[in-house]
Amino acid sequence: MGIIFLVIWLVIFAAIAAILGVIGVAVVYPFLSKNARRRKMLLTFLTPIIGIASYVGSSVIAMIIISELLNVDIGFGDSWKAPLPNGYQLISVDMPDNGSIYKDDDHRTEGIDGVQQIEVIGDSVIGLSSNKYFLLDTKIHKVTYYPSVFELQKSVRKSNIALISNDDYCWSVREKAYIIGGIICLLFTLSVLFIMWKVGLTR
């Protein structure tokens, strides 16, 4: 599904780029002098195509790099993954609000299924799973379940528990990296377009 999803978006981006190119040529044509008119029309048509291709291409590369560095999913497709303390991972397929917590990918240690919300406190992970609250001590690989949030609060000695959804946790892990990566990709795209116009207008 991930590859199909990517191909669909590539087709959509290509169509949008071509349409924007045609619109751009139609808009600037009346204002172009006869001097290098064809060259400027071609550059105008190519600008959204090269711009979108550069940004999308560099973004995919950035997402792959971030995935390797932060041990998260690549960012598109039907599976999600985010790291937890001491080698544990929050994993979900198809439905991010129904995740699982396991150590590594082989599921050899005791895990937790049906995870809906979590919070990381030091080496511990607390959360809500299948209408039960849990405390996972990732150091000793022990899971304890509680019938209510009040019992969980007593156990962790924390009056203010701030559980967040799996989606929000996965985003929080990569948020800064994605923002930085997005800025770098934008600067790269602008540089490519600048070079294209500079070379294209050079006689």
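Start by selecting helix 2 (37–70): with 6 residues, helix 2 gives the most to the lining of the largest pocket. Helices here are DSSP runs of H or I with at least four residues, strands are runs of E with at least two, and both are numbered from the N terminus. This is a predicted model, where local features need pLDDT of at least 70, side-chain atom pairs count only at pLDDT 80 or more, and totals for chains, interfaces and linings use all residues. Numbering runs from 1 along each chain as its sequence is written, and side-chain values use heavy atoms, with hydrogens and water left out.

**The pocket.** Now show Leu6, Phe13, Val56, Val60 and Met63, which lie nearest the centre among the 12 lining residues. A pocket is an open set of points on a 1 Å grid over the protein atoms alone, where a 1.4 Å probe fits, with protein on both sides within 12 Å along at least five of seven lines; lining residues have an atom within 4 Å of a point. The space inside is about 260 Å³, counted as what probe spheres set on the points fill. Colour the lining by class and you get 11 nonpolar, 1 polar and no charged residues.

**The nonpolar patch.** Next, select Ile4, Ile8, Trp9, Ile12, Ile16, Ile19, Leu20, Ile23 and Val27, a surface patch with about 810 Å² of accessible area together. Patch members have over 30% relative accessible area and no salt bridge, and nonpolar side chains are joined within 5 Å; areas are Shrake-Rupley with a 1.4 Å probe.

**The salt bridges.** There are 2 to visit, each with a side-chain nitrogen of Lys or Arg within 4 Å of a carboxyl oxygen of Asp or Glu. Zoom in on Arg174 and Asp73, 2.7 Å from N to O. Arg174 sits in helix 4 (residues 166–200) and Asp73 in the loop between helix 2 and strand 1 (79–83), so this pair links parts 101 residues apart in sequence. Arg174 is buried at 5%, and Asp73 is buried at 10%.

Last stop: Lys139 and Asp123, whose closest N and O atoms are 3.5 Å apart. Lys139 is in the loop between strand 6 (132–137) and strand 7 (142–146), and Asp123 in the loop between strand 4 (112–121) and strand 5 (124–129), so the parts tied together are 16 residues apart in sequence. Lys139 is exposed at 57%, while Asp123 is partly exposed at 30%.

Key
Ala, Val, Leu, Ile, Met, Phe, Trp, Tyr, Cys and Pro count as nonpolar, Asp, Glu, Lys and Arg as charged, and the others, Gly among them, as polar. Patches are made of residues with over 30% relative accessible area and no salt bridge: like charges are joined within 9 Å, nonpolar side chains (Val, Leu, Ile, Met, Phe, Trp, Tyr) within 5 Å. Buried means under 20% relative accessible area, exposed over 50%, partly exposed in between (1.4 Å probe, protein chains only).
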